[in-house]
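Let's take a walk through this protein, piece by piece. Keep the picture handy as you read.

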Amino acid sequence: MRSSVNTVTIARDDAAGDTVPAALFDLAWEPPVPGRRRVLSNWNDYIAMASEVVGRFHGQFKIAHFDYRHPARLQPGTVRRLKRPYRVNVAYADWGPPDAPLVICCGGVASVAMRFNYLASDLKADFRLVCMDWVGRGRSGWLAAEADYSLATYAEQLRQMIQHLGDRPATVLGSSLGGSAAIEVAARQPKLIERLILNDVGPHIAARRRRRRAETLSRHYVFREPADMLRRVGASQKNDGPVSDDVRFNLTFHQTRWSEEEGGRVYRHDVRALQAYRRDAQKSLQQWDQWRHVRCPILLIHGMQSDVLFAATIRRMSRGKDLTLMHLPDTGHAPLLADRNQISFVRDWLLGNACAEREWTVLHSVPREPHSVMSRPFAPCSALG
């Protein structure tokens, strides 16, 4: 059953390019967090917890890299005589058999490849999952100039990633920004993407939502105590769904790194990339022209408390498309996809085992088992960097 939440009514904002008038869910809304809350008083306790929570995936994947070639046409801030293509190292986590059907997972504007650990771990028996860090995030290198970070750049990175993996059609799972980049590639080079999973994102994202998100992200944070970091990152993840502290911790750990110079943990990203997003977020994102050219089968995942994906957007997206819709209650933007019921639905859709119905609401599964009773080796501290 859907939770009862307050909404605030917003007016149409033609000046900002907003095309979907709708009610926004109360920004103070937060889903319940199942299980016990973790209280960590120092960084030694934090690393000890990481060896258990993050360590459950130790040895299940490998970190690989490829050279992304950033073209001169995507360097708008560089003077013409200095424009040259240059290479940037891109990192990705590679799960599952190399000859299995390929699924490429792309996260949001401030996300990292390890966001998809639970999904990839549960699907790796049937698929090869490649989870990519965007340039300027995670373990990938940084671009030379702030203006080089753009949606066109991320679409080009995704295109080159597919080519690097064998230049054969792939299924792409895109969360938020990852979905926007995937729409661009699917529209312009349809032979590269055979199926598309859009995680709470469509061809329209309202300017007011983009601006609010950008103002939150585009700052440099230094966390000198675990409690401050878990509180801050937990607040930013409140819309991801009713996930346990362990699931949230996995993302928190991989989104940050220890900085000796700062004396604390900092985000694993180039703050210029998020400042570039803030620049672009002053207007709505409109991809309806590209959407008309997307012909592949689509699984659309909708957080039912999302302030990004509106009902009117979903209706318009569905017209003339091979689209399956998966609703997630008590979830905003964007679902973490760590829930076993959600992963089971994704697996069935990928395997072609879904029922004839094209619209489903997926109830939450019971929380994953506590790590303390699991007979698995945990990662040594040296492997957690």
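How many salt bridges does a search of the whole structure find? The search turns up 10 salt bridges. Bear in mind that this is a predicted model.

## Charged pairs

Side chains of opposite charge can pair when their charged atoms come close. Take E156 and R73: they form a salt bridge, and their closest N and O atoms are 3.2 Å apart. E156 sits in helix α3, while R73 is in the loop between β3 (61-70) and β4 (86-95), so this pair ties together parts that are 83 residues apart in sequence. R73 has 61% relative accessibility, so R73 counts as exposed. The story goes on, as R73, E156 and R159 are linked in a network of salt bridges.

Now for D126 and R347, whose side chains meet in a salt bridge at 3.5 Å, N to O. D126 is in the loop between α2 (117-123) and β6 (128-132), and R347 is in helix α11 (residues 340-351), so they tie together parts that are 221 residues apart in sequence. D126 is partly exposed, at 33% relative accessibility.

One more pair is D270 with R272, at 2.6 Å from N to O.

Two packed helices are described by the angle between their axes and the distance between the axes. Helix α3 (residues 151-164) and helix α4 (residues 177-188) have axes that come within 8 Å and cross at roughly 70 degrees. That makes α3 roughly perpendicular to α4, because angles of 65 to 115 degrees count that way.

Who does the touching? On α3, the contact is made by L151, Y154, A155, L158 and R159; on α4, by L177, S180, A181, A182, E184 and V185. Sorted by class, the contact has eight nonpolar, one polar and two charged residues.

Strands of a sheet pair through backbone hydrogen bonds, either parallel or antiparallel. Here an open sheet of three strands runs in the order β10-β12-β11, with antiparallel pairing. β10 (222-223) and β11 (256-259) are at the edges with a single partner strand each, so one side of each has no neighbour in the sheet.

Two bridges join β10 to β12 (residues 264-267), and V222 has V266 of β12 as its bridge partner. Helix α7 (residues 245-255) packs on this sheet, touching β11 and β12. The direction of α7 makes about 45 degrees with that of β11.

Conventions:
Residues are numbered from 1 along each chain as its sequence is written. This is a predicted model: local features need pLDDT of at least 70, side-chain atom pairs count only at pLDDT 80 or more; totals for chains, interfaces and linings use all residues. Side-chain values use heavy atoms; hydrogens and water are left out. Axes are lines fitted to C-alpha atoms, for helices over the stretch in contact, and angles run from 0 to 180 degrees between N-to-C directions. Helices (H or I, at least four residues) and strands (E, at least two) are DSSP runs, numbered from the N terminus. Angles under 35 degrees count as roughly parallel, over 145 as roughly antiparallel, 65 to 115 as roughly perpendicular and the rest as oblique. Contact means heavy atoms within 4.5 Å. Ala, Val, Leu, Ile, Met, Phe, Trp, Tyr, Cys and Pro count as nonpolar, Asp, Glu, Lys and Arg as charged, and the others, Gly among them, as polar. Two strands pair if DSSP finds at least two bridges between them. A salt bridge is a side-chain nitrogen of Lys or Arg within 4 Å of a carboxyl oxygen of Asp or Glu. Buried means under 20% relative accessible area, exposed over 50%, partly exposed in between (1.4 Å probe, protein chains only).
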